[in-house]
Amino acid sequence: MLQTFSKGGVHPPENKFSANKPIENLGLPKQVSIPIAQHIGAPSKPVVKKKDKVKTGDIIAESQGFVSSNIHSSVSGTVSKVGEIIDTTGFKKPAVIIDVEDDEWNDSIDTGSEIIRDCSLSSQEIVDKILQGGIVGMGGATFPSHVKLSVPEGKKIDTLVINGVECEPYLTSDHRVMLERGEEMLVGIKLLKKALGVNHVLIGIEHNKPDAIEHVSHLVSKEENIEVYPLKVKYPQGGEKQLIKALLNREVPSGGLPLDVGVVVHNVGTSLAAYEAVQKNKPLVERVVTVTGKSLSKPSNFLVRIGTPVRDLIEAAGGLPEDTGKVVGGGPMMGKALSSLDVPVVKGTSGILVIPEKDAYRDEEFNCIRCGKCVDVCPMGLEPYLLKQLAQLERYEECEDNAIMDCMECGSCSFTCPARVPLLDYIRLGKTNVNQILRNRKDK
Ligand code: SF4
Ligand code: SF4
């Protein structure tokens, strides 16, 4: 029987319309807007100004501190503004706006297609290259990758887990990366393995991608200590804690991290980006994005320069259908509605989902009937109905006591609730307030 995690989880209907669509290069936009904070941690500091000429891959904002990440120009052209834009979160964010003139790459970057397998760099040199390249977790979490590779003293890592699960219904970008860029991804995995000094690598792929399982299994067949594990299909198996449970039967403690149980998790897209940063000196300036939806005429997987407006992706996927009710950044479970099509693709954009009007409305909410279904499906073992009530009553200290910060915002509770209570909306609100309390406590 296929392995999976034990606590909670749901089975949303699968709509992987773009699964068989090879990655297409979207080409250059006219202008890019590149936010200077595209990662968890301290925002970077711009090092360019209006009218500066930049090449593709030039650094435009420098990392500030350990948990931070460099930002590079994804195009060549002239900086038209260093100011603010509305990004995918709907808030104003500092950004560098560049008018595209050409596609001249920084001379140090190898833009050739030859796969470079050998690497004589030390572990620390690999981590440094990943830091320089501005690599962050590309599954959506955007945690700076060099931080995950810098294991704190006293912690011992024995296993690297590679996340090829892609459990969000609709999204297929990781699937295509495994199929089309598997060889480079595998070199990247070996570099991450070397950087961490671990012997053991497990690659988790859900069973609904048999072609990816077969292809990656074939690629690793001659590798020692790198194994592919087909997993039962269950959402949210792509969560780090759920994936570790599914593959290794280890429980990450409440408030803890994978490294507390000897594990580091990286996504398949991040492994490819690590390959490019280390072997090609290529920073993170583009990524694969799924553009999909039931009513879209041409659901696709595009290779997109960071900073490209979402509007360009939708145009290339057949244009915005008339019946569109909502456009979401990410998948239907964890994604967030976009306020405008002018927002740019960022390092964490794995997908754009167009939802028709008839599916985009919010169901009428009824009173909680105490069925307990939200508790049953919560993969973090929380009591979503209780957290919702506490957040609604602004009893944030009690939210904290009831481990609200463990909520991974997977949306399984809202998805399953027969009374259509938007549990996650309230829980997110509660988390924001608890976060503020925690920050205030730290500042005292
Ligand atoms: S409470 Fe959080 S972790 Fe639990 S099901 Fe709801 S969204 Fe997921
Ligand atoms: S699933 Fe909905 S109705 Fe059932 S206990 Fe949770 S909030 Fe109440």
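How do the residues of the shell around ligand 1 divide into nonpolar, polar and charged? There are 10 nonpolar, 2 polar and 1 charged, where Ala, Val, Leu, Ile, Met, Phe, Trp, Tyr, Cys and Pro count as nonpolar, Asp, Glu, Lys and Arg as charged, and the others, Gly among them, as polar.

Before going further, note that this is a predicted model, in which local features need pLDDT of at least 70 and side-chain atom pairs count only at pLDDT 80 or more, while totals for chains, interfaces and linings use all residues. Residues are numbered from 1 along each chain as its sequence is written, chains are lettered from A and ligands numbered from 1 in the order in which they are written, and side-chain values use heavy atoms, with hydrogens and water left out.

**Stop 1: ligand 1**

Select ligand 1 and its 13 surrounding residues, of which the closest are Cys-378, Cys-407, Cys-410, Gly-411 and Cys-413; a residue is near a molecule if one of its heavy atoms lies within 4 Å of it. Then colour α13 (412-416) and α14 (423-443), each of which supplies at least two residues of this shell; helices (H or I, at least four residues) and strands (E, at least two) are DSSP runs, numbered from the N terminus.

The space taken by ligand 1 is the second largest cavity, a molecule being placed in a cavity or pocket if more than half of its atoms lie within 2 Å of its grid points. On a 1 Å grid over the protein atoms alone, a cavity is a set of points where a 1.4 Å probe fits but cannot get out, a pocket is an open set with protein on both sides within 12 Å along at least five of seven lines, and lining residues have an atom within 4 Å of a point. The volume of this second largest cavity is about 110 Å³, a volume being the space filled by probe spheres set on the points, which are joined across faces, edges and corners. Among its 16 lining residues, Cys-378, Pro-384, Cys-407, Cys-410 and Cys-413 are the closest to the centre, and α11 (384-392), α13 and α14 are the elements that give two or more residues to the lining.

**Stop 2**

**Stop 3: the largest cavity**

The whole structure holds 2 cavities of 30 Å³ or more, and the largest has a volume of about 150 Å³. To find it, select Met-138, Leu-272, Glu-286, Arg-287 and Val-288, the closest to its centre of the 16 residues that line it. The largest share of this lining, 4 residues, comes from α7, and its residues divide into 7 nonpolar, 3 polar and 6 charged.

**Stop 4: the open sheet**

Now show the open sheet of 4 strands, which has the order β11-β10-β9-β12 with parallel pairing; two strands pair if DSSP finds at least two bridges between them. At its edges are β11 (226-231) and β12 (263-267), each pairing on one side only. Strand β9 (residues 159-163) is joined to β12 by 5 bridges, and Leu-160 stands opposite Val-264 in β12.

**Stop 5: the second largest pocket**

Finish at the second largest pocket, with a volume of about 1,300 Å³, by selecting Lys-326, Pro-332, Asp-359, Tyr-361 and Phe-415, which lie nearest its centre among 33 lining residues. β17 gives the most to this lining, with 4 residues.
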